[in-house]
Amino acid sequence: MLLNEENGNHMKATKFLLGSAVVAVGALALSGCSGSGSGDSGDGQVTLTFWQNSTTGDGKAYWEDTIAAFEKENPNVKIEMQSIQNEEMDGKLQTSLNSGEGPDIFMARGGGKLADVVAAGQVMDITDGLTDATKSALKSSLSAFEIDGKNYGVPTAVLPSGIFYASDLFTEAGVDGTPATIDELDDVTAKLKAAGIAPIAVGAKDAWPAAHWYYNFALRACSKEALDKAAESRSFDDKCWLTAGENLEDFLKTKPFNEGFLTTTAQQGAGSSAGLIANHKAAMELMGAWDPGVIADLTPDKKPLPDLAWFPFPEVPGGQGEPGAMMGGVDGFSCWVNAPKECVDFLNFIAEKDNQEAYATAFKTVPASSEAQSAVTDPILKNILDAYSKAPYVVVWLDTLFGQNIGNALNVAVVDMFAGKGTPQGIVDAVNNAAAKS
Amino acid sequence: MATVREMAQSTDNAPGMPGSDGGVQTQPPSGQPPAGRSTSGRRRRRGIGWAARAELLILIGPALVVFLAFVILPVILAAYYGFFSWNGFGTPTKFVGLRNYFTILTDPAFHEAVGHNFFIVIMSLVLQGPVALVLALLLNRKMRFQSLIRVLIFVPYVISEVVVGIGWSLMLQSEGALNGLLEKLGLGALQADWLADPALAIWTLMAIITWKYVGFAIILFLAGLQGIPDELAEAAAIDGASYWQVQRYIVLPLLGPTIRIWAFLSIIGSLQLFDLVWIIWGQYVSSTAGTSTMATYMVSNGRGAGSYGYGSAVAVVLFLISLAVALVYQRFVLRRDTAGALTHRPTAEPTTDSTTDEGKS
């Protein structure tokens with residue numbers, strides 16, 4: 001479940017058409033087994049339903065354009081797109097899959113959540129359908145969609161996390177440079193507080209933004225092996241999980257977060273953590289690579305925050321995690337088990353260099369394809385991409401990694417600790433007891 | 001409001017159990033010979049032809065189908081799913097017996113949620129009852145702007161829970177309007193983290209609930225007061241009773257049935273409280289802030305955690321707790337209001353009478 005970042009030799013994706021012809025043959029064999037393709041009509045016309053989560057703006061436009069381009073290359077295929085609000089996606093997908101009418105192509109984020117859907121036999125194994133071009137371009141992030149050596153999805157973006165900050169506020173508080181260790185971060189928060197600025201905003205009402213602090217402390221405390229093992233066993237047996245909680249507890253004692261963080265949301269309105277950064281009411285926020293876009297929506301003039309900058313999560317001395325390791329998410333797409341074979345063609349198509357570049361521009365994010373990463377021009381994203389390329393490994397968000405059931409319990413336990421009601425042992429217990437409630 | 005609907009059902013259902021052939025057992029008004037009622041009943045039975053059957057089918061059929069499909073079937077399914085470990089994909093296959101129930105009953109988070117529920121039940125009665133009673137007595141007198149005041153008091157009840165929740169949560173945030181107002185008034189010392197402070201949050205919730213639902217109690221009480229004849233108060237006044245004596249010894253006892261029914265609605269509503277908590281605190285923070293309820297526990301550990309089997313088991317437990325409370329209340333508090341109409345009277349005529357009647361005629 002770890003995304004190994006390796007800089008291998010990547011084949012150019014220019015020979016896509018040839019590649020997709022090979023896929024078609026492979027996928028034919030596949031669909032021969034499943035038999036009941038959903039959209040196949042007699043005359044060779046195929047209709048695919050497609051669920052994604054961009055409801056407005058450039059993201060939605062990107063998908064409309066990409067679909068049009070794909071339909072032009074494949075005249076027998078028609079793709080019907082549905083834009084679904086992100087928070088409704090899981091529930092709708094569940095209902096839809098249970099009724100046996102799943103969308104042919106749907107958004108997925110890998111990890112334990114995808115594994116649950118795979119275990120229910122609802123996702124197509126596309127291992128043989130992926131072109132070599134796709135495989136080499138996505139090499140590093142493809143593993144997020146790998147379960148038992150088989151591939152169940154194609155990533156479109158990687159979203160490493162780190163700390164976004166308003167550099168003007170740092171200057172105002174007399175902070176030079178960015179903190180590289182947790183002690184330096186403590187100094188920064190102290191200086192910001194002295195200057196009357198809320199140091200760090202966190203949307204603990206949504207739980208996951210608070211939980212991301214624990215994830216990152218765990219990333220620093222735990223070795224790669226311990227993380228791998230926990231992903232497999234879905235329990236916190238290693239001592240490092242306790243250490244991570246203790247480190248977080250120590251950090252919380254410095255009271256670095258905004259007032260009333262328990263009722264602060266992550267992204268909704270000016271009072272949210274992103275809104276606090278956008279309006280210079282707080283200096284820092286630990287968030288995934290999507291944050292610049294969210295903050296831009298919440299500034300008074302709806303334009304990107306000019307002084308926004310980024311640094312990776314500080315190192316925590318004494319941990320077993322490799323320095324430079326990152327926590328992050330992957331966005332991608334999977335095929336429903338009974339989808340027509342053209343679904344895989346479409347996934348190969350969106351992994352193509354040009355489409356990945358357009359994706360990076362439209363979503364203001366780091367594309368999954370290493371070939372398309374030159375399209376990243378934004379200084380903040382370049383900074384993120386730089387750290388991402390150097391990272392020895394990248395771990396998927398722990399709640400995604402462990403699946404909904406354990407992830408939920410973990411997040412709630414971390415919020416408890418933020419509120420001063422929990423203990424490091426409480427977090428470990430919550431995870432280890434969650435299985436009983438599944 | 002959902003509560004009212006559910007209440008109505010349970011009033012119909014629960015007593016239906018002891019005497020499903022209730023019609024026969026209803027005590028006739030004294031003086032009227034039981035035989036007459038019995039004959040008419042028999043005539044009806046005998047005379048039921050296809051037309052009447054079709055009529056019944058058309059009138060009852062659709063409602064019955066909807067009720068069975070959307071109320072009874074989900075209840076049965078929830079009971080079934082509660083025995084499985086099921087993440088919601090495909091059909092449940094992993095049978096776990098009573099494990100879910102053991103987990104629920106031993107989970108401290110659930111104990112807390114139940115505790116919060118019962119706190120809300122009691123505090124709702126304690127806070128809303130007296131306030132509503134006083135305001136209802138006040139509004140029952142002739143005064144200027146009477147209807148305007150009535151409308152204003154009822155407004156919070158009419159506003160959607162979602163609007164109320166979002167509105168209050170914005171005003172009560174640490175940087176929100178209330179703290180701002182306190183500061184401007186020079187009462188900065190009273191500022192607090194109304195929502196996030198675990199010591200305060202449940203009281204904040206009680207304040208919002210009282211504000212929201214007291215109007216409902218007042219309207220009920222006003223309706224009850226309308227039914228009390230003025231002559232009684234006049235007669236008492238002529239006998240020298242003071243205003244307060246009239247209220248205490250005449251109005252209050254006669255308002256009894258209304259108060260008891262309101263309390264019942266309030267109890268059931270408090271046990272099932274969900275929306276306000278969910279909107280103001282959300283699924284993650286409600287347990288931390290100490291405002292979680294059984295219903296929020298059910299949704300966050302069921303749907304939120306993708307554990308649909310566990311969530312269904314919680315639903316069953318919630319149902320049983322509400323049912324138990326409702327039955328106990330009906331048995332001990334509502335008994336005299338519903339006596340005869342819904343339950344056996346201790347002195348109910350023996351059912352053998354009607355059977356004998358049947359036999360004779």
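What percentage of the 361 residues in chain B is buried? In this predicted model, buried residues account for 28% of the chain. The secondary structure of chain B consists of 18 helices and two strands. Of the contacts in chain B that link residues at least 6 apart in sequence, 68% are between residues at least 24 apart.

The confidence of the prediction was examined for the complex and for chain B. For the complex, the predictor reports an ipTM of 0.71 and a pTM of 0.75. The average pLDDT of chain B is 80, and 80% of its residues score at least 70. Residues 1–43 of chain B have a pLDDT below 50, and this stretch makes 40 contacts in the model beyond near neighbours in sequence. A pLDDT below 50 is also found over residues 348–361 of chain B, a stretch with 14 contacts in the model beyond near neighbours in sequence.

One residue of chain B, Leu255(B), was considered individually. Leu255(B) lies in helix α12 of chain B, which spans residues 243–271. Leu255(B) is classed as buried because it has 21 C-beta neighbours inside 10 Å, the threshold being 20 or more. When residues up to four places away in sequence are left out, Leu255(B) touches Phe221(B), Gly224(B) and Leu225(B). Gly224(B) is 31 residues from Leu255(B) in sequence, and the C-alpha to C-alpha distance between Leu255(B) and Gly224(B) is 5.9 Å.

Chain A was described in terms of its domains. Domain 1 of chain A covers residues 2–159 and 328–382, while domain 2 of chain A covers residues 161–327 and 396–437. A distance of 30 Å separates the C-alpha centres of domain 1 and domain 2 of chain A. Their contact involves 19 residues from domain 1 of chain A and 21 residues from domain 2 of chain A. On the side of domain 1 of chain A that touches domain 2 of chain A, two or more residues each come from β1 (2–3), α4 (111–119), β11 (326–335) and α15 (379–390) of chain A. The element that gives the most to this side is α4(A), with five residues. By residue type, the side of domain 1 of chain A that touches domain 2 of chain A comprises nine nonpolar, six polar and four charged residues.

Terms used:
Residues are numbered from 1 along each chain as its sequence is written. Chains are lettered from A and ligands numbered from 1 in the order in which they are written. This is a predicted model: local features need pLDDT of at least 70, side-chain atom pairs count only at pLDDT 80 or more; totals for chains, interfaces and linings use all residues. Helices (H or I, at least four residues) and strands (E, at least two) are DSSP runs, numbered from the N terminus. A residue is buried if 20 or more other C-beta atoms lie within 10 Å of its own, exposed if 12 or fewer, and partly exposed in between; C-beta atoms are placed from the backbone. Two residues are in contact if their C-beta atoms, placed from the backbone, lie within 7 Å. Domain bounds come from an automatic or database domain assignment. Ala, Val, Leu, Ile, Met, Phe, Trp, Tyr, Cys and Pro count as nonpolar, Asp, Glu, Lys and Arg as charged, and the others, Gly among them, as polar. pLDDT is the predictor's confidence in each residue, from 0 to 100.
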